[in-house]
Amino acid sequence: MVATINIFGNSDWAVKVTSLLQEGEYAQYDSLDYSQSNPKLPWIIAEESGDKRENIANNYLKTETFTNLFKGLDDLHGVTYGKGLVVGPGSLIRPTTVIGNQVYIGAGTIIDINCTIEDNVTIGDNVTITEGSIIEKGSTIKSGSII
């Protein structure tokens, strides 16, 4: 299998992101070797901290293209979303939700209608975000939370 995505990050958190992909489907880099990546491939940033994702996107990868990695239940129909979105398996994001850039949404999460998820947010596994909620920039929502 030939790599189709560049992954930035080698921390334990990167395991959560790379586990969504097949072996060989991605090439993994960090701040020491990202310049050796295939410049034709888009990026996903595999860092838990939204602040770190923002820093990497605005510094190391500021001229690069980002892709979205979606393994959720729906097709994001009616959802507005930015670049670098990662959605774990079994997650459901309802229409009219707006999601910013560099957002990570864990497995089994439900985001109801009319929610706003601002940039650089990290949402853990099995989180429920109720209708009309606003999750502010850089927030981290722990697994199992109900908002």
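Colleague: By class, how many nonpolar, polar and charged residues are in the lining of the largest cavity?

Modeller: The lining of that cavity has 7 nonpolar, 2 polar and 2 charged residues, where Ala, Val, Leu, Ile, Met, Phe, Trp, Tyr, Cys and Pro count as nonpolar, Asp, Glu, Lys and Arg as charged, and the others, Gly among them, as polar. Please keep in mind that this is a predicted model, in which local features need pLDDT of at least 70 and side-chain atom pairs count only at pLDDT 80 or more, while totals for chains, interfaces and linings use all residues. Residues are numbered from 1 along each chain as its sequence is written, and side-chain values use heavy atoms, leaving out hydrogens and water.

Colleague: What volume does the largest cavity have, and which residues line it?

Modeller: Its volume is about 40 Å³, and its lining includes Trp13, Ile45, Arg53, Val86 and Tyr104. A cavity here is a set of points on a 1 Å grid over the protein atoms alone where a 1.4 Å probe fits but cannot get out, and lining residues have an atom within 4 Å of a point. Grid points are joined across faces, edges and corners, and the volume is the space filled by probe spheres set on them.

Colleague: Is Val86 buried or exposed, and where is it found?

Modeller: Val86 is found in strand β6, and it counts as buried because its relative accessibility is 2%, with buried meaning under 20% relative accessible area, exposed over 50% and partly exposed in between (1.4 Å probe, protein chains only). Strands are DSSP runs of E, at least two residues in length, numbered from the N terminus. Leaving out residues up to four places away in sequence, Val86 touches Leu20, Ile44, Leu69, Val103, Tyr104 and Ile105, where contact means heavy atoms within 4.5 Å.

Colleague: Which strand does β6 pair with in the parallel sense over 2 bridges?

Modeller: Strand β6 (residues 86-87) pairs in that way with strand β9 (residues 104-105), and Val87 stands opposite Ile105 in β9; two strands pair if DSSP finds at least two bridges between them. The order of the open sheet is β4-β6-β9-β12-β15, 5 strands with parallel pairing. At its edges stand β4 and β15 (140-141), each with a single partner strand, so one side of each is left without a neighbour in the sheet.

Colleague: Changing topic, how many residues does the largest nonpolar core have?

Modeller: That core has 17 residues, and among those with the most contacts inside it are Ile93, Ile99 and Ile105. A second, separate core of 13 residues includes Ile5, Ile7, Tyr26 and Ile44. A nonpolar core is a set of buried Ala, Val, Leu, Ile, Met, Phe, Trp, Tyr and Cys residues joined through side-chain atoms within 4.5 Å.

Colleague: Which residues does Ile99 touch?

Modeller: Beyond four places in sequence, the residues that Ile99 touches include Val79, Tyr81, Leu85 and Ile117. Val79 is found in the loop between β4 (69-70) and β5 (80-81), and Val79 is buried, with a relative accessible area of 8%.

Colleague: Which residue in that loop between β4 and β5 has a positive phi although it is not a glycine?

Modeller: That is Leu76, which lies in the loop and has a phi of about 65 degrees; Leu76 is buried too, with a relative accessible area of 8%. Asn114, in the loop between β10 and β11 (116-117), also has a positive phi, near 60 degrees, but Asn114 counts as partly exposed at 40% relative accessibility.

Key:
1 Å grid on protein atoms, 1.4 Å probe; cavity = no way out; pocket = protein on both sides within 12 Å on 5 of 7 lines; lining within 4 Å. Helix = DSSP H or I, 4+ residues; strand = E, 2+ residues; numbered from the N terminus.
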